[in-house]
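Here are my notes on this entry, point by point. Please read them with the structure open.

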Amino acid sequence: MTTKQNMELIYQRLLDRYGPQHWWPADEPFEVIIGAILTQSTAWGNVEKAIGNLKKAGALNPIAIRELPVDDLAILIRPSGYYNAKARKLKAFVERLSESYGGSLEKLFALDTPNLREELLSIYGIGQETADSVILYAAQKPMFVIDAYTHRITNRLGLHPDKNSYAALQALFMDNLPGDEKLFNEYHALLVCLGKNACRKHPVCHECCLDTICGFRADQGNLV
DNA sequence: GGCCAGGACACCA
DNA sequence: TGGTGTCATGGC
């Protein structure tokens, strides 16, 4: 079986098992970006509390976040953890958005994908995963997001590339799948779903998760 | 009471 | 390039 066939089979089995995930859980692109920053190394439930606080305070927009003192912003997002660091990150994003794009996400997203990625990566607090989440889930351009779950699952499946880097793993997906934004969206969400449903004792355990749920066979470096 | 969650950055060798 | 410490709340 070819790598392309493996990658598509994994997707089909996850989709059959869990169904469409309908990501990203947000009402608008700006909320996606805020969520992407707040969820860094943080459970989504805590992020929801923080976003709820921002909504209640009428602060879930670029202008309000820019005007709010950083300490006040930190208090609002406190449930998401690392609140001082994340308040600085939110500030850094809206500052760039305002100064370079007149506060318009449409103008920012008008950049072609490579330039958009470079621009996002140049902002404090936005690394590769967050940048790609913004590109895929907010700008709705085809970009595969690699997170901790993706690393674990591909490792367990024996699909991890030799060079253990973000770029290499991203290439595994993007070079072997159609460049379809909706496919990348659903695929990544399904990988996270599998990761979350894995037993706590053995994260993405071969015995209790991959084989039993999806019929994967990592020991053969292939799918059956 | 410990572990970990949809990372990024600074600093070091 | 790669490894380590830091940032921190909340659910299980």
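1. How many residues surround DNA strand B, and which are the closest? There are 24 residues around DNA strand B, and the closest are Gln40, Ser41, Gly127, Thr130 and Ala148. Keep in mind that this is a predicted model.

2. Two elements give two or more residues to the surface near DNA strand B: α9 (128-138) and α12 (181-197). The largest share, 4 residues, comes from α9. By class, this surface has 11 nonpolar, 10 polar and 3 charged residues.

3. DNA strand C has 13 residues around it. Pro79, Gly81, Tyr82, Asn84 and Ala85 come nearest. Here α3 (44-56) and α6 (83-101) each supply at least two residues. The largest share of the surface near DNA strand C is 3 residues, from α6.

4. Now the overall fold. Chain A has 13 helices and 2 strands. Of its 224 residues, 33% are buried. Take the contacts between residues at least 6 apart in sequence: 60% of them join residues at least 24 apart.

5. Chain A is divided into domain 1 (3-22 + 145-223) and domain 2 (29-138). In the contact between them, 7 residues of domain 1 meet 6 residues of domain 2. On the domain 1 side, α12 gives the largest share, 3 residues. The residues on that side divide into 4 nonpolar, 1 polar and 2 charged. Note that α12 also gives two or more residues to the surface near DNA strand B.

6. Which residues touch the most other members of the largest nonpolar core? They are Ile33, Leu90, Phe93 and Val134, in a core of 52 residues. The elements that give two or more residues to this core include α1 (3-18), α2 (29-38), α5 (70-76) and α11 (166-174). Also among them are α6 and α9. Both domain 1 and domain 2 contribute at least three residues each. In soluble globular proteins, nonpolar side chains tend to be buried together.

7. Leu90 deserves a look of its own. Not counting residues up to four places away in sequence, Leu90 touches Ile34, Ile37, Ile65 and Leu73.

8. Lys86 sits in helix α6. Is Lys86 buried or exposed? Lys86 counts as buried, because 24 C-beta neighbours lie inside 10 Å. Leaving aside neighbours within four places in sequence, Lys86 is in contact with Ile37, Leu38, Ile77 and Ser80.

9. Some backbone geometry to check. Most residues other than glycine have a negative phi, and most peptide bonds are trans. Trp23 and Trp24 are joined by a cis peptide bond, with omega about 0°. Trp24 lies in the loop between α1 and α2.

10. Ser41 is not a glycine, yet its phi is positive, about 55°. Ser41 lies in the loop between α2 and α3. Ser41 counts as exposed because it has 7 C-beta neighbours inside 10 Å. Ser41 is also one of the closest residues to DNA strand B.

11. Gln140 has a positive phi too, near 60°. Gln140 is found in the loop between α9 and α10 (148-156). With 15 C-beta neighbours inside 10 Å, Gln140 counts as partly exposed.

Definitions and conventions: Residues are numbered from 1 along each chain as its sequence is written. Chains are lettered from A and ligands numbered from 1 in the order in which they are written. This is a predicted model: local features need pLDDT of at least 70, side-chain atom pairs count only at pLDDT 80 or more; totals for chains, interfaces and linings use all residues. A residue is near a molecule or strand if its C-beta atom, placed from the backbone, lies within 6 Å of it. Ala, Val, Leu, Ile, Met, Phe, Trp, Tyr, Cys and Pro count as nonpolar, Asp, Glu, Lys and Arg as charged, and the others, Gly among them, as polar. Domain bounds come from an automatic or database domain assignment. Two residues are in contact if their C-beta atoms, placed from the backbone, lie within 7 Å. A residue is buried if 20 or more other C-beta atoms lie within 10 Å of its own, exposed if 12 or fewer, and partly exposed in between; C-beta atoms are placed from the backbone. A nonpolar core is a set of buried Ala, Val, Leu, Ile, Met, Phe, Trp, Tyr and Cys residues joined through C-beta atoms within 7 Å.
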